[in-house]
Amino acid sequence: MHITKDVNLKRRTFLKGLGAVVALPYLEAMWPTTKAMAATTSPVPPRMAMFYFGTGMNMRQFTPETTGRDYKMSRILKPLEGFRDDFTVLSNTWLEKGGGHHGAYPFSTSVGFGEKQQISPDQIAASQIGGSTRYPSLQLSVGKGTAYGNQALATISWNEQGVPIPAENDPYVIFNKLFRPDAPEEIDNIRDDARMKKSVLDLVRDDASRMNRFLGTTDREKLDQYFTSIREIEKQVDRRVAWLDTPKPQPGLDVSIDESMDPDGRNNDFSYERYSKLMYDLIALAFQTDSTRVISYVVRRELRGGVYPEMDVSDGYHSLTHHGNDPRKLEDLAKVDTIYMQHWAHFLDRLKSIPEGDGNLLDYTMLGFSSGMGIGHSKSRLPTVLCGGSKLGISHQGHVELEENTPLSSVWHTMLDRMNVAVEGQFQDSRGPIGQLIA
Amino acid sequence: MPYPPRILLLTTLAGFAGMVFTTANPSAYQPKDKQSYLKHVVPFFEDNCLHCHGPDRQKGDLRLDTLGLDFSESETAFHWTEIMDNINLGEMPPPDEPRPFVDESTRVTTWIAGELRHAEKSARATGGRVQLRRLNRFEYTNTVTDLLDIRFFPETAPDKILPPDGEWEGFDKVSAALSLDSTLMDRYFEVAMMVADLAIVEGPPETPTQRLQMELEGMLDYLCKKAEIECRDDGIIIRGKDVGTRTFGLNKGKPLFPADGWYRISFRAAAHPGDDGEPVQVNVSRSSEGFTRKITVDAPPGRPEVYSFVLPLEARGGGEINISLVDGASFTTGIRAFIHFDREIREHGKKKEYDRVAEFRARSGMEGITARSMRSPESVDSSNLKQVFIDWVAVEGPLYEQWPPKSHELIFFKGEDAEKTIGYAREIFDRLLPRAWRRETTTAEREKIVSLVQQELNLGKSFEQAVRVGLIATLTSPNFIFHYEPEVLPPYRMFSDAQTGRRIRARVLRVVEPSVVLEREDGMSFDLPLNRLVPADREYVLNLDATDLENQKRPLNPYEVASRLSYFLWGSMPDERLFNLAARGQLRDSYTLRREVDRMLADPKAERFQEDFATQWLRIDEFRAFDPDRREYKEYTDALGEAMEEETLRFFQTILSEDLSLLNFLDSNFTVINGDLASLYGIDGVEGKEFRKVALPADSARGGILGHAGVHLLGSDGIRTLPVTRAVYVLEVLFNDPPNPPPPNVGELEPAIRGEKLSVRERLEQHQQIEQCAACHQRLDPYGIAMENFDVIGRWRTKQNGEGYRSNEAPDINPSGRLPNGVAFATFDEFKAALVKQEDRFVRAFTEKMMTYALGRAPEPSDRQAIDGIVAGVSSGNNTAREVIKGIVTSQPFLTK
């Protein structure tokens, strides 16, 4: 009965043995292979991550009143004061297909709900630079899966065919994926599974080819997705086997995750603060250990949740956004947004505390966050911030008022540009990388 | 600065999906209504637009007189969308130019909207054919369950592992939205491996079933010290609330729940009802997390009985079993002190020594002794109290229905003693494959799986393990994952090889000159150069019309009919009877089909269909998208919200299972409610959590779907009602007639501003005074305004509420209006009557919705005749859903590929 050992059926009991993951000192020598590999290509690899905060923010309390490097922090951004040289607030960003509650759809691709989607910037980056890490990219979210079709989309990553890529919401699963070492007998099992999988794939490809002959044009298009998928899985299996000889890195931060957490479940013990910081810690760890260089994370889903009992506000986040100028609701909105920024400050702090190259990890990592709407369900005035990347040629400017209705894609374009990722032809509706940000 | 050309076109309009699809052959595109273009649009452009966007000037690079009508071409569609939006927004013609008449501009925008929708539909059109689609995750789970007679642990059932499916036209059954990518394929693998592990076992269970019985007598020293519990020689008696019979320690270090699985919790108990005479209930719970079950203990004192229940539990969390009394008397440890304080306070109170009273109150408060109604166990006669006697508590599990499980016996049908040869594997897949793939399979198909099994055996794997791999291949094959309905193929015939003279019986799969692809009857296919065929055969092949091979509708074969039926009504594979009917070539005539519908609807599996269809059609899962403001709507609780969903679902089930007229959805003299809803609705005599069918008084507003609180909750944002959303619900759900999308950037209605107490109606009317909005809103708003008597949580109101309105200053509700067909109404009742008059429109819409669900594609013009036929049949009968279903399954679109 070994063939399921690699899947997550037993995930709930498995990590117990590893114990609450202890505080390990950051030792570069612990993963010579990946480091060595990185060293041959570029001294320090660039990283990027995209973040979605659903249902906008209280922009009246988000947008700083003054511009320039010495701008005065707004109430919501106040928790980030200590990092003011490490980020830029980008006002006047805009999503042509955004506003309203389908904003997660165009967020990373500019393609509106219901239209044929296209590849998202993180996947463009992953396809070009993902080859040298264990995982080309990671998709995280507060909600599992894709929830495609739903307004509360759970992912902002789309593959080359424009198919949404499911996200993972359980820190425990992510932790295991990144750091749980494969036991020797497990490695044998994985090899055997890989062999078995490939024989099955050969067989089912044959089935599909046979089927294909009996189908009309439109049906064949449908079956093409099957062919593409099994080709992709074959690659993944090969990749998995190839990485077997490289031990997984050990995390350098004192992160302890010993059981599943489900932000969707109704568990009274659930602490969003703990969850939120864990997720950010995991991103920091994934970047630190060079397990991946590209991440997308839906921090807050459109419409769904967004507030937790510990935030102590009067209503659900979405209800709050229908504030009707009620000062209490606006106050509650600002309160919730501020809490999210406190967690974000923790995240920046984590990245900054990790030495990397001739600076810290944040210097080599670009983090872009925004939303599918601004305030009042608008498609303009998005809460957009770009953090980090000082050593990647990003020159932070404090608070910048961009030209009215600057497409959000320009922000992604800037990140791709600084990642040294080539973009073919016109990139979405971008007007090009944002000049002010490029050092 | 000039923008680079935009690649992606067509705006998504607040809540409505505008789509552009590229058709295979754009030049074939025909506008839907060219007449209107010539009659209204061209003159409008000439009068208002061409001086800036015409032959002489092309402001913004836009020229209207040469703008094409091929809406399937994305650039063209984009321009038309921009034109529509700009006219709608009143931005074009520019404000300093003469205004066109509103009805003229409305005709233009309506035409554009209609053409856009037509283009979208044409692009998605499947030519009236059912498209290849994969199983959705519920179909997948049901199919595996029925195929292998497997029982999944709820947390790890396939529908939890497979990601949620996309939706189209409101249903998760539509091919267009059921895409497949590598992540999903990976999950299919994961699930297939899990299924194979569950279905096929080797040796005894990893965790054998254990039973731990915990005697309570004499084990609970610390509990016996409590006043609420009496320890006896044969068990314990619980009188108070908040205490229970913990099983702590009784399991002697063994975990109660050693593995994820099903467990039977049992206990032996008797109860004394206490002076209120109510039956005694206990809460049985797991201390860590997980479950609480309420059990009524009706065994009289002295004659205890065993109570038990079975439920799935995860090993995670460990924990113990706790039994406590529901509504037990209140006791706390501070009880004696409380009695002291209470006596003092009362005595000083009698003497009017209020400062002393205050002092005692303050002290008791400080010490946390505040429960005033508390009773001391000594101070009351315990014979008046509810009490429950418990002898023992037992936990048994993980339970296996049987070992090896049914699925194992079903696969290894010859029993454990059979010889494990490759021949046996052949027999196993001979039985399994046709069921798994829902059709007759060929020897070649079976042999491929068998050779995979052989390969595993050669590697030294056990027989069971090798068969598992075969099962994984079976379940990840496109034959399993897709609803596979091949195109029509030419018949088998004899072909002669000109070189060898050999003759083979085969049919042509494809002609790829200079070769032909032939297929033998056993499924083997091969390429043959055409010049190898004798001249007569070559001529036959070359004369085959390409349309003989594909793109021609054909009747389904009986297996395909069986599958369409079973996935429609059961969300799963056909059962043995359907397979047998298919094998005998039946399932063709409408008598058999109608009889099968009756049988299938009577099967418990039809509940899947009822729930699935009702939830998606009536949008039950969206009822609670907005949580009502808990301060404005104090009556609202989560339980009430759940009850709202339940009402609509049960209402649907009642109409279906009792064969009531579909018109009940528009108006009915009953509904299905529980106590919570009854008090919201002001209906007397319905109490408790149980749902039941309740006859409505003649003057009740609760008849029909529009009387359901959940529908109104959906048509609200948690603070105020959204009449436009409610109107859209009526038009889309009940009439399948979506209104034109609003222009982009329209805001929501301004919230009420303090000091200016306008009702929602008045605010909408203001909005209608904006002439560009008027055209649509005059047609749309009446449907929503008519339901203004229902507040955010669906409660009946006659005055505006919510948004801080207080009853003395709140405006009255005025639901009156006029429908676009000219029928005026003064009240909600009259509005409903006006809807009932449009019963044909509703029955047609219902049929179209169900057709979408059954076929996995939206109805198209070519279905018109079939739908007309079904509607006519249903209307001339009793207007039942059953007749609609029968109409669909005997219709031409359902029975052809």
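Tutor: A salt bridge is a side-chain nitrogen of Lys or Arg within 4 Å of a carboxyl oxygen of Asp or Glu. This is a predicted model, in which local features need pLDDT of at least 70 and side-chain atom pairs count only at pLDDT 80 or more, while totals for chains, interfaces and linings use all residues. Residues are numbered from 1 along each chain as its sequence is written, chains are lettered from A and ligands numbered from 1 in the order written, and side-chain values use heavy atoms, with hydrogens and water left out.

Student: Why is the pair B:K448 and A:D207 called a salt bridge?

Tutor: The closest N and O atoms of B:K448 and A:D207 are 2.6 Å apart. The limit is 4 Å, so the pair qualifies. Between chain B and chain A the count is 8 salt bridges.

Student: What makes up the side of chain B that touches chain A?

Tutor: In chain B, α7 (182-199), α13 (443-458), α14 (463-476), α15 (478-481), β13 (503-512) and β14 (515-520) each supply at least two residues to that side. Helices (H or I, at least four residues) and strands (E, at least two) are DSSP runs, numbered from the N terminus. The most comes from α7(B), with 10 residues. By residue type, that side of chain B has 41 nonpolar, 20 polar and 30 charged.

Student: How many residues of chain B are in contact with chain A?

Tutor: Contact means heavy atoms within 4.5 Å. By that test, 91 residues of chain B are in contact with 78 residues of chain A.

Student: What is the area buried between chain B and chain A?

Tutor: About 7,600 Å², with carbon and sulfur atoms giving 56%. Buried area is the accessible area (1.4 Å probe) that two parts lose on being put together, summed over both.

Student: What lines the largest cavity?

Tutor: The lining has 14 residues, and A:T146, B:R134, B:P164, B:S179 and B:D181 lie nearest the centre. They belong to a lining of 8 nonpolar, 3 polar and 3 charged residues. The space in this cavity is about 130 Å³.

Student: What makes A:D290 stand out?

Tutor: Most residues other than glycine have a negative phi. Phi of A:D290 is near 55 degrees, a positive value. A:D290 lies in the loop between α8 (272-288) and β4 (294-300) of chain A.

Conventions: Nonpolar A, V, L, I, M, F, W, Y, C, P; charged D, E, K, R; others polar. 1 Å grid on protein atoms, 1.4 Å probe; cavity = no way out; pocket = protein on both sides within 12 Å on 5 of 7 lines; lining within 4 Å. Points joined across faces, edges and corners; volume = space filled by probe spheres on them.
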